[in-house]
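Dear colleague,

Please find below the structure that I am handing over to you. My findings follow it, beginning with the sheet and ending with the ligand surroundings.

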Amino acid sequence: MSGKTSILIYDLGGCEGCPLSIMRSYPRLARIYDVHAKCIGNADIERQYNYAIITGPICLNSQRHIEELKKIRKNSKILIAYGSCASVGGIILYARGGQEPRPDHRVYAPISKIVRVDFSIPGCPPAPQMLISLLGCIRSGRGYFLDLFKAVSAYSKLSGFDLMDEVVLTGICVGCGACVLSCPTNALHMVDGRPDLIVEKCIRCGTCTVRCPRFTQILIQRYKLRERAKMLASLVGGE
Ligand code: SF4
Ligand code: SF4
């Protein structure tokens with residue numbers, strides 16, 4: 001036992017961009033935490049962890065992956081979905097599957113479809129610094145960042161289409177360009193001081209939504225309202 005906070009990093013599949021992104025921050029992570037990662041071969045999912053970081057989508061046809069994910073949830077205090085596939089499905093939601101070498105894999109979903117997720121970090125892949133920042137915020141209890149990634153965990157789809165509908169077309173866009181800079185496929189570009197979406201290029205990764213200062217406020221407000229409604233319903237139901 002190292003006495004450090006323990007972390008499990010577990011990959012469920014996909015393009016492997018997310019494990020590579022995490023591995024870029026591995027030296028810093030390993031200095032602070034006791035890291036067990038599937039990609040370096042020491043991931044024992046039978047033991048308890050403080051944090052579990054999941055990359056990749058869940059294949060709903062894979063009973064083995066579903067059981068593994070449930071076991072990891074049970075054995076972890078905090079579970080984090082890392083990357084767009086694990087968080088909001090991303091492009092994998094639209095994958096047909098059914099191809100070699102796993103023809104049984106056909107239907108994919110964000111992991112929140114199967115287990116409760118505490119925080120979700122969309123990105124295709126997220127910047128390596130995001131994970132270290134989120135873990136630091138959890139340790140120090142810093143608010144806005146935590147609220148945002150908790151709020152994202154309540155969504156199963158986020159994309160440039162939502163950004164257009166909720167921010168640009170409602171007239172609350174401030175024209176800062178953060179969404180355009182964050183898009184990994186150049187699906188957004190500025191037209192007359194406002195972003196416009198090239199729909200064919202959007203891979204539904206949700207990165208633009210968590211970079212937009214306006215959209216993040218909407219996400220957090222909605223999440224808080226939903227939580228309050230749930231709490232009130234449980235009070236009424238409990239009478
Ligand atoms: S517009 Fe770009 S950043 Fe936004 S969801 Fe689409 S691909 Fe991702
Ligand atoms: S990040 Fe949000 S506020 Fe900034 S330009 Fe994009 S849509 Fe507008």
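Two strands are taken to pair if DSSP finds at least two bridges between them. Please also note that this is a predicted model.

On that criterion, five strands form an open sheet with parallel pairing, and their order is 2-1-3-5-7. Strand 2 and strand 7 stand at the edges with a single partner strand each, so one side of each is left without a neighbour in the sheet. From one strand to the next, the twist averages 20°.

Helix 1 (residues 17-24) lies across strand 1, strand 3 (49-55) and strand 5 (76-82), and runs at about 135° to strand 3. Helix 5 lies across strand 3, strand 5 and strand 7, and its angle to strand 7 is about 155°.

Helix 6 (residues 143-152) deserves a separate paragraph. Which of its residues are buried? They are L148, F149, A151 and V152. Viewed down the axis of helix 6, these buried residues fall within an arc of 155°, so they line one face of the helix. In general, an α-helix has 3.6 residues a turn, so residues three or four places apart point the same way. The cover over the buried residues of helix 6 includes helix 4 (84-88), strand 7 (119-121), helix 5 (129-140), helix 9 (207-211) and helix 10.

I turn now to the ligands. Ligand 1 is surrounded by 15 residues, of which G160, C183, C202, C205 and C208 are the closest. By class, the shell around ligand 1 comprises eight nonpolar, six polar and one charged residues.

Around ligand 2 there are 16 residues, and C173, C176, A178, C179 and C212 come nearest. Helix 7 (160-168), helix 8 (178-182) and helix 10 (213-237) are the elements that give two or more residues to this shell. By class, the shell around ligand 2 comprises twelve nonpolar, two polar and two charged residues.

With kind regards

Key:
Residues numbered from 1 in each chain as written. Chains lettered and ligands numbered in written order. Predicted model: local features only at pLDDT ≥ 70, side-chain atom pairs only at ≥ 80, totals over all residues. Near = placed C-beta within 6 Å. Nonpolar A, V, L, I, M, F, W, Y, C, P; charged D, E, K, R; others polar. Helix = DSSP H or I, 4+ residues; strand = E, 2+ residues; numbered from the N terminus. Buried ≥ 20, exposed ≤ 12 C-beta atoms within 10 Å, placed from the backbone. Arc of directions from axis to C-beta. Contact = placed C-beta atoms within 7 Å. Axes fitted to C-alpha atoms, helices over the stretch in contact; angles between N-to-C directions.
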